[in-house]
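Let's take a walk through a protein fold together, one piece at a time.

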Amino acid sequence: MPTHDHPEFYRRFGKTAKGDPRWQCRLCQKTFSAGRPARRQKRSDKNRMLFQMLCNDMSFAKICKITGMTYQDLYKRIDFFHDQVRGFLVEREDFSEVDFHRSGSRFATDSQTLMINWPTRRQRTSVAIQHLCTAHARSGYIMEASLQFDPSMSMLEAEAIAGNANEDHVSIAFRKHARVWTRTEFDAYLAKLQKQKSVKLTNLYQLPHRGVLVRYDILQHAHALRLRDILSSTDAPLYFVMDDDRGLQQAFSSAFMNEIRAQRADLAVVSFDKGMTNDRRNQVVAAGQAFLSGLTGVSHA
């Protein structure tokens, strides 16, 4: 029980050598200290650099070589970052007080494929998991991030639920239990792709050995519905920018159907030519800004 919620259970018991307050339990007489989350770290000055390395796809081996940390310390530091980020989000996830008229109501949605290392040496095949993210365009704040993974269920539980539902004869779109992939359905799907010659080797694809993989279309709709809940308190016009992904467009069109009908929400679909050089991209952006300025009269210089 935290000291600030139940002060009647504790008494002040001085301070530590570093100045952190020490408390004593009135019942068991044990003492403990409460201070900065990083107070037990030997080299907390490396946290900023370490966090930037983790966010820029640097391998653990290179991180340990540069920082001089052991793998054990690195994993502990990742757990520390995880707790700090969760605490940061708890304090800022209430968007009811945000004035989106003033801060802007344009949002960008994109997905990326995360390649997870193989869980065993016997089957050295990476697991591909989709990460769907929507950011506030002006501030860059991540409004919602969704991962195509559910750690609360095992593959055996998913198979058992699907078997007990007896929905094999029902289309996936109308099943009650169709949120996650079962191994039976995943293997059948790969066999279908191999028959259509869409893939050559099915052993290059696998499901996670722990947890279950969520169907991507379900993830897209859940992501859009979560955004609708987040933005339900604002009457500002909403602008959603996304890739040319039909599933994502359908999810947002369905979730924000009423707002689109009321002409209070718009979807902008952006297509990319990934074969362009940087110079060519800059030329296209400049031409687009000039065209937009001519239409709106607003300069983008």
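Two strands pair if DSSP finds at least two bridges between them. Helices (H or I, at least four residues) and strands (E, at least two) are themselves DSSP runs, numbered from the N terminus. With those terms in hand, look at E7 and E8: they run parallel and are joined by six bridges.

A word on what you are looking at: the model is predicted, so local features need pLDDT of at least 70 and side-chain atom pairs count only at pLDDT 80 or more, while totals for chains, interfaces and linings use all residues. Residues are numbered from 1 along each chain as its sequence is written, and side-chain values use heavy atoms, with hydrogens and water left out.

**The whole protein**

The protein has 10 helices and eight strands. Of its 301 residues, 29% count as buried, where buried means under 20% relative accessible area, exposed means over 50%, and partly exposed is in between (1.4 Å probe, protein chains only). A contact means heavy atoms within 4.5 Å. Among contacts with a separation of 6 or more, 54% come from residues 24 or more positions apart.

**The sheet**

Which order do the strands of the open sheet follow? The five strands are arranged E6-E5-E4-E7-E8, with mixed pairing. Strand E6 (142-147) and strand E8 (265-270) each have a single partner strand, so one side of each has no neighbour in the sheet. From one strand to the next, the twist averages 20°; axes here are lines fitted to C-alpha atoms (for helices, over the stretch in contact), and angles run from 0 to 180 degrees between N-to-C directions.

| Strand pair | Sense | Bridges |
|---|---|---|
| E7 and E8 | parallel | six |
| E4 and E7 | parallel | four |
| E4 and E5 | antiparallel | 10 |

Tyr239 has Asp266 in E8 as its bridge partner. Phe107 stands opposite Phe240 in E7, and its bridge partner in E5 is His136.

H7 touches strand E4 (106-116), strand E5 (127-136) and E6, and its direction makes about 155° with that of E6. H8 lies across E4, E5, E7 and E8, running at about 165° to E7.

**The cores**

In soluble globular proteins, nonpolar side chains tend to be buried together. A nonpolar core is a set of buried Ala, Val, Leu, Ile, Met, Phe, Trp, Tyr and Cys residues joined through side-chain atoms within 4.5 Å. The largest one here has 20 residues, and those with the most contacts inside it are Met143, Leu231, Phe240 and Phe252. Helix H7 (216-230), strand E7 (238-243) and H8 each supply at least two residues of this core. Another core lies apart from it, with 13 residues, including Val127, Met153, Val180 and Leu190.

What does Phe240 touch, leaving aside its neighbours within four places in sequence? Its contacts are Phe107, Leu231, Phe252, Phe256, Asp266, Leu267 and Ala268.

Gln249 lies in helix H8 (residues 246-255). Is Gln249 buried or exposed? Its relative accessibility is 17%, so Gln249 counts as buried. Not counting residues up to four places away in sequence, Gln249 touches Met242, Asp243, Asp244, Leu267 and Val269.

**The aromatic rings**

Rings of Phe, Tyr and Trp (its six-membered ring) pair if their centres lie within 6.5 Å; planes under 30 degrees apart count as stacked, over 60 as edge-to-face and the rest as tilted. By this rule the count comes to 10 aromatic pairs.

One of them, Phe60 with Tyr75, is edge-to-face, with 5.6 Å centre to centre and 80° between the planes. Phe60 is in helix H2 (residues 60-67) and Tyr75 in helix H3 (residues 71-92), 15 residues apart. Phe60 is partly exposed at 29% relative accessible area, and Tyr75 also counts as partly exposed, at 46%.

Phe252 and Phe256 form a stacked pair, 6.1 Å centre to centre with 15° between the planes. Both of these residues are buried. Together, Phe100, Phe107, Phe240, Phe252 and Phe256 form one aromatic cluster.
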